[in-house]
Amino acid sequence: MLLATLHATAGEITVREGESIHDALRQAREWRRTNDVRCQGGITIVVKAGRYYMQEPLFLRPEDSGTKESPLVIKSEEGAVICGDPRQRHTQIWPVAKHGVGVSQEKMERMIAFDKEARTITIPAFDSLWMPPPNLEMVVHQRWAIAILRVKTARQNDSTIVVSIKEPESRLEFEHPWPQPVIGGEKGNSSFLLRTTVQRDGIEQLVIIDGASYVTFEGFTFENTCWNRPLHKGHVTLQGGFPLVDAYKLAVPGLPWDKDLENQAWIERPVSAVSVKNAGHVDFKDCLFQHLGATALDYIDNISDCTVSACCFEDIGGTAIMGGSFAESPREVHRPYTDLAERCQRLTIDKNLIHNISTEDWGAVAISLGYVRDCTVSNNWINKMNYSGICVGWGWTAHDTGMRNNHIINNKVSDYARQLYDAGGIYTLSNQPGSSIVGNQISAPAEAPYATNDRGFRIYLDAHTDGYTIDKNVTEDRLIRRDEIGDNHPGPNLIFKR
């Protein structure tokens, strides 16, 4: 007998605390393989109350697929928790000493110099002779992103400390032009903090769905994951929490599709607690995602007809919900790709509560959709994030990329841009014909302590945004179009109805 401890009835498998959800999934797979009569009308795996620790992710394969007539439903009963390890802890050591005991970990100081040639950062000296502790990190404010840099050396002089950084983040931080600190600009361009971090790898992924369709997760809590990448590689990003894997400034700016382009960048996707790819009709309903180190839920690639509804996302280190390609490596991100949008179609994100996002990576956002088409973000309540709220589009291009018919409708967005600028309650990129931003309620950007928000907008039409109809949004004052401050020029096919 495959599973001696699991309890199976017609079309239903029950898992109790101490038993294995992996084994239940294997039992359902066997029913499918043998055309067992219990597959008729669908299979439900009922997971009873308890904590189910994932020493390895729950992996759903093509053989786990349901069908329209016989879906697979994995359902929590009485509060089942799928969990990993609590995230790594940080202890800020500067500027706590200068500003007093009990200061928030978001308190920052201002650097003195950023030397691209020597690849060093000069900061104010401590009040007395200082020896750097082990596992020291520098977190740098970079306008619309942060960098997490592992400190290699920190040499204190009379009035300054000269910091060098480990590789590979040193190369990425000093060679890539956007974003970088700007000394002498506004405070946010050159602010930093120093901290130590527990050097512990932990569970990062709870569920991986790759190739399995017609699957629904219902009523679960997904809780506690780590974010291991900064411990080994640091974290230098392009935008939206996407880590750079290679980047540099062009010696001679310009490429055929953008005469002013000066930077090249290759990125990778942040890790996610729950991921979906090569699948259709994979839904999450009434689930709670909380205390997660990086992205919570990610529809990565080759997905269609999926729904995230009535879920709550709370205390998320990175982005709450991500979907569609962002031209990750091996592609360079600034090219106008035409084959990616069709790989994420008809994703619906509806009636979710998203609160306290981007707690680890301030440059992450609440909802982030890249190259997508026929997607809808509607009726979500989004509150408290350090960068933008709802972001749709990628590519920074006026060219046709296949992005179209994306709709941002009746959402409430507040308390955004808490730390970074160049942000929007709703933020769009590139040409997306047939799309709309309608009926949303968007507050003013937050009073960010390290960045003036003259470049924080309620609706931010960035980099060749086009094809949107914008109507009936409550924004407290007029919309600010990006071309009114001199660059990035939204396209000619925007329709402002009100």
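Is aspartate 422 buried or exposed? I opened the predicted model with this residue in mind. I found aspartate 422 buried, with a relative accessible area of 7%.

**Entry 1**

I placed aspartate 422 in the loop between β35 (412-414) and β36 (423-438). Its phi is near 60 degrees, a positive value in a residue other than glycine. I noted this value because most residues other than glycine have a negative phi.

I then turned to asparagine 278, which also is not a glycine and has a positive phi of about 55 degrees. Asparagine 278 belongs to strand β22 (residues 272-280). I recorded a relative accessible area of 30% for asparagine 278, so this residue counts as partly exposed.

**Entry 1: cis peptide bonds**

The bond from glutamate 167 to proline 168 is cis, with omega near 15 degrees. Proline 168 sits in the loop between β14 (160-165) and α3 (169-175).

The bond from tryptophan 178 to proline 179 is cis, and its omega is near -5 degrees. I located proline 179 in the loop between α3 and β15 (191-197). I kept both bonds in the notebook because most peptide bonds are trans.

**Entry 2: the nonpolar core**

I next examined the largest nonpolar core, which holds 137 residues. The members that touch the most other members are Leu60, Phe217, Phe222, Phe284, Phe289 and Phe313. Strand β38 (residues 456-471) supplies the largest share of this core, seven residues.

I followed phenylalanine 222 in detail and left aside its neighbours within four places in sequence. Among its contacts I listed Phe217, Phe284 and Phe289.

For cysteine 344, the nearest cysteine sulfur is that of cysteine 375, 4.5 Å away, and cysteine 344 is in no disulfide. A disulfide requires the two sulfur atoms to be within 2.5 Å.

I also checked the accessibility of these residues. Cysteine 306 is buried, with a relative accessible area of 0%. Cysteine 344 is buried, with a relative accessible area of 1%.

Methods
Residues numbered from 1 in each chain as written. Predicted model: local features only at pLDDT ≥ 70, side-chain atom pairs only at ≥ 80, totals over all residues. Heavy atoms only, no water. Core = buried A, V, L, I, M, F, W, Y, C linked by side-chain atoms within 4.5 Å. Buried < 20%, exposed > 50% of the residue type's maximum accessible area, 1.4 Å probe, protein only. Helix = DSSP H or I, 4+ residues; strand = E, 2+ residues; numbered from the N terminus. Contact = heavy atoms within 4.5 Å.
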